[in-house]
Structure formats: C-alpha cells, structure tokens
Amino acid sequence: MALTTKTTVDGTIPELWSKILLNAREKNLILVPLFDHRYEAEAGGKNFDLVKVDGVDNFAEAAESYSDVSDVNSNLTFRAGVMMTQRLIPASGAWRHFYKAFATTHEADILGHPGLFDAWVGKVAYEVALEMDTYFAGFIDNFSQTEGSLAVPVTEDNIMRCVQYLNDANAPRNDRFMALSAAEDNNLKKFERFTNADYARAVGSLPTDRGIGFAGSIHGLSVHTSTNIEGTNAAGHDNGVWQREAVAVISKEMLRVEGPVKDIESDTKQYIAHSFYMGAEMRDDHAIWLKGL
C-alpha cells in the first residue's frame, strides 16, 4: 500500500514565523546616572571644549584668631583668601565621540521580518549607551583609595571602612553609592543586615522607588549591581564606593539619532546613533576602589 507521507506534502505545510524575537540580553547600565552631572546642566547648550572649575580652600587655623577682649588696642590680622587648584574637565582635554550605524537594503526592508528594523534600532541605542557606561566603569580602578582584595569576597568590615573613607573626607551624606558585580551582589545577600533591610522593603516599610540595577541599601550606601563592572568571576571585579561628586560627567549628546533616512544611490534605509561626552575625576577622596568578587 502506497502512503502519502509528510515528505510528500512537505512543500504545502505552512510555517509560522513568530513576531516574538529572541534577542540578546542586555546589561544593566547603572554608572553614568550615579556620577555628577551638575557641570553638564550648567553648560545649558553653550559651545565649549573645556570646563575650568575653581574652588575656595579653607582658611588655616591661626593664633591671631583670638584676642583678649580687654586688649582694646590689639590689631586685627588679615589673611588672603586661598584658592583650590583649578580642575579641568576633561583633564586630558579630549572629548569622546562614539556611534553605531546600520543600513538595510530595500529588498530586505520590504520582504523581511517586520519587527527586525525596530529591534536593530534598539540595539544601536544600547551599544552607544554601553560604550559610555563602560568608559566610566574604568574610573573605579583608578581611585587611589582601595579596600579589599580581588577575587576575595567583600566583608561588612570592608564596606564600613569605605564609609569611613567618605566620612574622613567630609563627603556629603547624601548620594553615596556602591556598585557591585553580580558575584559580589550575591555575596552581599549573605549579610544579615542587608537581607533584613531587603525584607523591610518587601513589606513596605522602606521606599523602593529605584531604577534598574538597584539592589538595596547598607550603611548609608545605595547599592547597585551590573555585569558591566570591570573584571571576571575568576580574577575578581572592580567594585566601587563613592559619593556622587567624585566623578563629573558632561554629555553634549547623550544619544543623538539620525534616521531612518533613504539613501537613493545604494537603495538602503540607514540609521545611526551618536554619543559625545567627556568625564573627569574631581574628588579622589570621595571614592574607593572596592576589590572583591
């Protein structure tokens, strides 16, 4: 008996092309929002290539600051105001310009999967943001103050010592952050103090209005986690603790987009996204390189 099989009718069997795309996962990009953008706001769209930041130093203590009230003839001693060393942003005088672009042919555009172009637009934006986040992740292992050891779990004593560094520098108590790798974030969850706070948030006694990557709070530090922290699970990661004013960010173009535009000569639809920015370490005593997992 001759049978009609799947092979016989294979050319007539429909196929379903899903509208759901299985795209590559993306990292939490946490670092840029945690640094100081005040100089960026001050720029207000002005044209410039260098920001010069002055500061006023404290007056040194002096013996003549006190005089006996009975000594009516004592003379006042005046001191000159003292300036801090002027800081430049960026210190090297270099801006960073990064872009990602792609183009699709007309045939691909009209015949291909209808959701692909929009998906690639999203990936272009992600790659531009990733490059900027990665650049600022590189600041952490340049902080002169260090605590802990690479590939060794961070302890609560390490974190408390980092907080002491900030306190010793008279850093403001607000806007203090700790950025951790995924491995170190996992270690932090072993701290009873941290898990108790996490439970309190879950039952509604603490605020939870935080962004992607927020993991909780400990010792006055807002804890954030990302797989974009420099390092590896084998060699350890460059985790960090800082107060916002440690590093300045000035972005002239956080994400400038051009397109989609039609190029007649190549018969393609083109799209591009740019970033144009610079950064500088401003207060080294407001930051600590927290070596760990």
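Figure 1. Apart from its neighbours within four places in sequence, Trp-242 is in contact (heavy atoms within 4.5 Å) with Leu-31, Leu-34, Phe-35, Ile-140, Phe-143, Leu-166, Asp-175, Arg-176, Phe-177, Ala-179, His-286 and Ala-287. The model is predicted: local features need pLDDT of at least 70 and side-chain atom pairs count only at pLDDT 80 or more, whereas totals for chains, interfaces and linings use all residues. Residues are numbered from 1 along each chain as its sequence is written, and side-chain values use heavy atoms, with hydrogens and water left out.

A nonpolar core is a set of buried Ala, Val, Leu, Ile, Met, Phe, Trp, Tyr and Cys residues joined through side-chain atoms within 4.5 Å. Buried denotes under 20% relative accessible area, exposed over 50%, and partly exposed the range in between (1.4 Å probe, protein chains only). Of the 21 residues in the largest nonpolar core, Trp-242 is among those that touch the most other members, together with Leu-31, Phe-35, Phe-136, Phe-143 and Val-247. Two or more residues of this core come from each of helix H4 (116–137), strand S5 (176–180), strand S10 (247–263) and strand S12 (287–292); helices (H or I, at least four residues) and strands (E, at least two) are DSSP runs, numbered from the N terminus. H4 gives the most, with three residues.

**Figure 2. Gly-292 in strand S12.** Gly-292 lies in strand S12 and is buried, with a relative accessible area of 0%. Leaving aside neighbours within four places in sequence, Gly-292 is in contact with Ser-149, Leu-150, Ala-151, Val-152, Val-154, Glu-184, Gly-236, His-237 and Asn-239. The C-alpha atoms of Gly-292 and Thr-155 are separated by 9.0 Å, although these residues are 137 residues apart along the chain.

**Figure 3. The largest cavity and its lining.** On a 1 Å grid over the protein atoms alone, a cavity is a set of points where a 1.4 Å probe fits but cannot get out, and lining residues have an atom within 4 Å of a point. The largest cavity holds about 30 Å³ of space. Its lining consists of Val-154, Ile-159, Met-178, Leu-180, Glu-184, Asn-187, Leu-188 and Leu-290.

Figure 4. Pro-90 lies in the loop between strand S2 (87–89) and strand S3 (96–105). Another cis peptide bond joins Gly-259 and Pro-260, with omega about 0°; Pro-260 is placed in strand S10.

Figure 5. Ala-151, a residue other than glycine, has a positive phi near 65°. Ala-151 is found in the loop between strand S4 (146–148) and helix H5 (156–168), and is partly exposed, with a relative accessible area of 34%. Asn-170 is likewise not a glycine and has a positive phi of about 60°. The loop between H5 and S5 contains Asn-170, which counts as exposed at 68% relative accessibility.

Terms used:
On a 1 Å grid over the protein atoms alone, a cavity is a set of points where a 1.4 Å probe fits but cannot get out, and a pocket is an open set with protein on both sides within 12 Å along at least five of seven lines; lining residues have an atom within 4 Å of a point. Grid points are joined across faces, edges and corners, and a volume is the space filled by probe spheres set on the points.
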